[in-house]
Amino acid sequence: MMDFSFFNPTRVLFGRTALSQMTALVPAGARILILYGGGSVVRNGTLARVQAALDGYEIHEFGGIEPNPSFEKLMEAVTLVREQDISFLIALGGGSVIDGAKFVAAAVYYDGDPWDILLTRGNRIQAALPLAAIPTLPATGSEMNGTSVITRTEFSAKRVFKSEHVFPVLAVLDPTLTFTLPPRQVANGIVDAFVHVLEQYLTYPVDAPVQDRFAEGLLRVLLDVADKNLAEPENYDARASLMWAATLALNGLIGSGVPQDWSSHLIGHELTALYGLDHARTLAVILPAMLSVRKSEKHAKLLQYAERIWNLHTGSENERIDKALSHTRAFFSRLGLETGLSDYGLGRNAIDSLLASLRQAHGNDYALGEKQTVSSELARAVLEASL
Ligand code: NZQ
Ligand code: ZN
């Protein structure tokens, strides 16, 4: 196992009673801003429930945060926070709203141009407003991590920042708040969480059996509950398992002390920035191609994945790996996520634009992935394999 430091300050309240327990953990006298997205929480009554649970506090609201939250919109929230002297943020929505609230929390105290938060990947953040997250979509794990992904619409740039200061102090996880999700978003969430595990698991062995078995457990649970989550959207137990798996997939635990890849995510972010594909849909396209192009580099872990997740014990090692990759693709397709760029009407012209965007984001000589092997040339091979 590699040396590591593990930090996670988020307190979790989980279950049907979570909302009613939240009040005891919000500071008395807090001036609260509830941030939300395009209006699903208004239409389905979740916003009213949260407001009722916070009876007695001064509450302001800020809606309209888009999927792939924009810098431009979030700066309006920063102004509101300053005008109203807000002291506590509550993010009520999917990963986009939670990520957006993290940006607002940091930008309010940031000295200098707030876009620099993204350009310096969060390294210069000194302080942030306290933030609670109430996820309505199990997917990103943002409710229990210090990561945020923000889009600057005018530059078509989607960038990541991380900071210990923006971990939510509280995550309120009530699976019933997700019952209104359309099937497309449930499927997206399953694939996003599954790929989060793979980005931290499918690298190379470092003798870390605790992390491996945790990761394999999460993958198996996601496979086990996927169909039920789509067929029975109000099945509490299935949704609760999905929700907890998605949170644990990206709260730092399984990635501690092991190498991490993230190159599929970074290429995927450019696909969203340029062509608007949902985040999880970019992963369903890029990840299978990434794994097949880097099959020999990842051989040992791919074989372990084939055996332990897909129960493939016969045939040559390469045959088992190939089968595991085709099962992975089939899993994404069964959930309704396409696995080819051409399924989105994108061809070779898009590849050149995506490669230019990657250079813009990471410099000409970038080298992504756990062994820094994903250069521009390799990214081209992956994108060609994903056509
Ligand atoms: O905006 P509203 O009206 O609320 O509708 C949303 C949105 O249209 C809808 N939705 C959410 N909860 C609902 C609901 N509709 C009905 N009922 C509910 N209960 O779902 C749509 C998508 O929401 P969004 O927040 O965009 O989805 P998701 O949670 O998948 O978040 C995606 C964003 O997170 C980033 C992605 O890049 C993307 O910007 N990520 C954040 C990460 C992190 N912070 O650690 C890691 C991830 O890898 C990812 O990059
Ligand atoms: Zn993701």
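Is H196 buried or exposed? In this predicted model, in which local features need pLDDT of at least 70, side-chain atom pairs count only at pLDDT 80 or more and totals for chains, interfaces and linings use all residues, residues are numbered from 1 along each chain as its sequence is written, and chains are lettered from A and ligands numbered from 1 in the order in which they are written. Side-chain values use heavy atoms, with hydrogens and water left out. H196 is buried, its relative accessible area being 3%; buried means under 20% relative accessible area, exposed over 50%, and partly exposed in between, with a 1.4 Å probe and protein chains only.

H196 also takes part in a metal site. The zinc ion (ligand 2) is coordinated by D192 (OD), H196 (NE2), H265 (NE2) and H279 (NE2), at 2.0 to 2.1 Å. Donors are N, O and S atoms within 2.8 Å of the metal (3.2 Å for Na, K and Ca), and sites may look incomplete because water is not among the atoms. Along the chain, the donors of this zinc ion follow the spacing D-x3-H-x68-H-x13-H. Helices (H or I, at least four residues) and strands (E, at least two) are DSSP runs, numbered from the N terminus. H279 is likewise buried, with a relative accessible area of 17%.

Helix packing was examined next. Two packed helices are described by the angle between their axes and the distance between the axes. Axes are lines fitted to C-alpha atoms, for helices over the stretch in contact, and angles run from 0 to 180 degrees between N-to-C directions. The axes of helix α10 (residues 263-275) and α11 come within 8 Å and cross at roughly 135 degrees. This makes α10 oblique to α11; angles under 35 degrees count as roughly parallel, over 145 as roughly antiparallel, 65 to 115 as roughly perpendicular and the rest as oblique. Residues of α10 that meet α11 include H265 and H269, while those of α11 include H279 and M290, where contact means heavy atoms within 4.5 Å. By class, this contact has six nonpolar, eight polar and no charged residues. Ala, Val, Leu, Ile, Met, Phe, Trp, Tyr, Cys and Pro count as nonpolar, Asp, Glu, Lys and Arg as charged, and the others, Gly among them, as polar.

Helix α7 packs with helix α12 (residues 299-310) at an angle of about 140 degrees, their axes being 11 Å apart. These two helices are therefore oblique to each other. On the α7 side, F194, L198 and Y201 meet K301, Q304, Y305 and W310 of α12. Five nonpolar, one polar and one charged residues make up this contact.

Q304, placed in helix α12, counts as buried at 15% relative accessibility. Not counting residues up to four places away in sequence, Q304 touches Y201, D212, E216 and I309. D212, in turn, lies in helix α8 and is buried, with a relative accessible area of 12%. Leaving aside neighbours within four places in sequence, D212 is in contact with Y201, K301, Q304 and R308.

Helix α8 (residues 209-231) also packs with helix α9 (residues 236-249), at an angle of about 145 degrees and with the axes 9 Å apart. Nine nonpolar, two polar and two charged residues form the contact of α8 with α9.
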